[in-house]
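Please read them alongside the structure.

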Amino acid sequence: MLKTTIIGYPRVGSQRELKFWTEDYFKGNILTETLKAHAADLRKKQWQFQRQKGVDLIPSNDFSFYDGMLDTIFLLGAIPQAYKDLGLGKLDTYFAMAHGYQGKNGDVRALSMRKWFNTNYHYMVPELDDNSDITVSSRKPFEEYSEALEIGIKTKPVLVGPFTFLMLADYKGNKHKSDYVSDIVKAYKNIFNEFKLLGCDWIQLDEPSLVTDLDKDDIDLFILIYKELLLSKGDLKILLQTYFGDIRDVYDKVISLPFDGIGLDFVEGKKTMGLILKYGFPKDTMLFAGIINGKNIWRNNYTKTLSIMHELKGYILTENIIISSSCSLLHVPYTIENEASMEEKYKRYFAFAQEKLEELSDLSSLLIDANYNENNIYKTNAALIESKMINMDIELRKKVSALTKNDFIRKPAFEERKNIQEEALHLPVLPVTTIGSFPQTPDVKALRAKLKKNEITFKDYKALIKKKIADCIALQEDIGLNVLVHGEYERNDMVEYFGENLNGFLFTQNAWVQSYGTRCVKPPIIWGDIRRNKPITVEYIAYAQSLTSKPVKGMLTGPVTILNWSFPREDISNREMAFQIALALKEEAADLESEGIRIIQIDEAALKEKLPLRRSDWHSDYLDWAIPAFRLVHCSVKPSTQIHTHMCYSEFNDIINEIDEMDADVISFEAARSHYSIVDVLAKAKFKTAVGPGVYDIHSPRVPTNEEIKSAILLMLKKISPKKLWVNPDCGLKTRGEKETNKSLRNMVAAANSIRNNIR
């Protein structure tokens, strides 16, 4: 059998145990020692499980209390001085960097947070300034390696590689990437030496930045780092691990360096096989072949995968191949076994993290079986792949095919609509609003749980939800917001809620995936063609609007975000799925408008998320259908109806013009955690759409002061006309507490009012 490994494993626990332990720690319900003991037990359990499933090289240090990049910041001692000055213990300093700190020791914001390449996972962004001292400062990877040794498992420690660390860092002083090479190489050499003393065989260095577009300076930086670093490896085997694509810009350079193993992605790596055919592969190097999809949940097609592997075996000795996941299994749920209520006719098509270990074992045995076609494992898989039957919606398919250019164009043009909307809405300068959701309090969650258990009727549930909506409207009136929201109390999740009300989706009970820190999401599964059979949001939004004379936003999740935050089908194109969803939402928008809703927000929080990592693929593989899908939703609304959208943690510099082409009337962006860098981007691009860069970070429990928010607004007004600027938080308030939300919104309104009075 071929040896097997994985790049990483989910770490929050099969039932999200780590989430609840960590949140108990934040609340002061458990001590540091208790949290660490629970985490150690979880790690041990997962290592033992992977060994039981036959994984040969089991990863360690893929566990994290919050984020692997944040762990690396700690490992390398790259902690900004503001967090050191708090004088907190190590773990509390770590969490202060993750979500900010406000208390007797000081007041500091969290580090910036961005999407991890083309996933819905978020990482904490390293900040390096001229005084940053990179040196090994944490024992975590060594301690976890030793923990595994104690139970008889020699693991493969996983580290963020030095090149990716420098590529993803923010630089706050005069120094740049190359100025830190000497220090970071020295630090990794010391890490190597420590692992040698522990008897470690393999170390995995994750370098996903290699799959992005690299210029000559980037390539030179990579070579400079590794030429020096690899001189010190000795008997330690170094695996250069890449994922999320191919390494076409540096493949020839990588194979010329003395790596002991090179991990390549055969799932998302379009040119991976071609690179091997063109340049070959070093005969004394192990190929870690990423053939199990680490990001989607459909069963592996053994026929297709075996074809790839047999082609590889014509160029690489079988004994030099280790089969692996295409990326960390962090991006899929734990196990389909947790889905007790899902019918077996569906379950058999899915492989979550646990099942993917079984697929690796299957493929390992099939690859050395000369008659695998006669093997029952192979036959069962082939029959499964052939058997998936979709109830195709012929009428809907025809409707998508019949779309023309005019179906994506809203009339009249933006400037004319702007004047019509000003007359219709009568909003003040610097209108203040929120992004949508209000805190999902324990009573709301308990209410939803009672409905699922049939302990209350849907009629009673709806009445209680409307009571929450009425309270939310009254609170916003009292605070003084100009444009209100209904609070989204009826929604468990911004994507799952819509999926539950559309044909074509499947749902899970416990298929949780980590998004960041203790935040987990439960993506729906797109199973068939997607259609809307009834109104989804209309009753609740219309009820909220009936309670106030101020405009209440209709809240829709956009088609691209619904697609990107679901597990998609693999038998039809993303374009087809996005347009099907867009047509459903277009009907919803029309119904909202007919009920007198004057502002409709179509959230595209995940628009940037699935943007291909290669610029050459941006339009043909994504933007040419993603932007039209959004426009399709709103192209038929009245000129007086104002269309908003919202976008989450990402860098938008390179596609800012395409975002303007979405033809929304107002766009709100995350901005606070990224230090309002979006403002300069908007100004430089002469962005036509009105904008609401977030004035405070909602992923932190700290309450922003009035003066802090005023400073943010005044900073924006230097680059954005007051006629185009909206005031709002970074994102929805679902995960925040009621008290902190109340205080933060009151400070936001007070700050906007103060500046508004001066503008007059």
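1. The second largest pocket holds about 1,800 Å³ of space. A pocket here is an open set of points on a 1 Å grid over the protein atoms alone, where a 1.4 Å probe fits, with protein on both sides within 12 Å along at least five of seven lines. The volume is the space filled by probe spheres set on the points, joined across faces, edges and corners.

2. This is a predicted model: local features need pLDDT of at least 70 and side-chain atom pairs pLDDT 80 or more, while totals for chains, interfaces and linings use all residues. Numbering runs from 1 along each chain as its sequence is written, and side-chain values use heavy atoms, without hydrogens and water.

3. The lining (residues with an atom within 4 Å of a point) of this second largest pocket comprises 48 residues, with Lys-19, Glu-23, Lys-445, Thr-518 and Thr-735 nearest the centre. Helix α1 gives the largest share, six residues. By class, 18 are charged (Asp, Glu, Lys, Arg), 15 nonpolar (Ala, Val, Leu, Ile, Met, Phe, Trp, Tyr, Cys, Pro) and 15 polar (the others, Gly among them).

4. Eight strands make an open, parallel sheet ordered β1-β14-β13-β12-β11-β10-β8-β2. Strands are DSSP runs of E, at least two residues, and helices runs of H or I, at least four, numbered from the N terminus; strands pair if DSSP finds at least two bridges between them. Because β1 (3-4) and β2 (59-60) each have a single partner strand, one side of each is left without a neighbour in the sheet.

5. Two bridges join β1 to β14 (residues 321-325), and Thr-4 stands opposite Ile-323.
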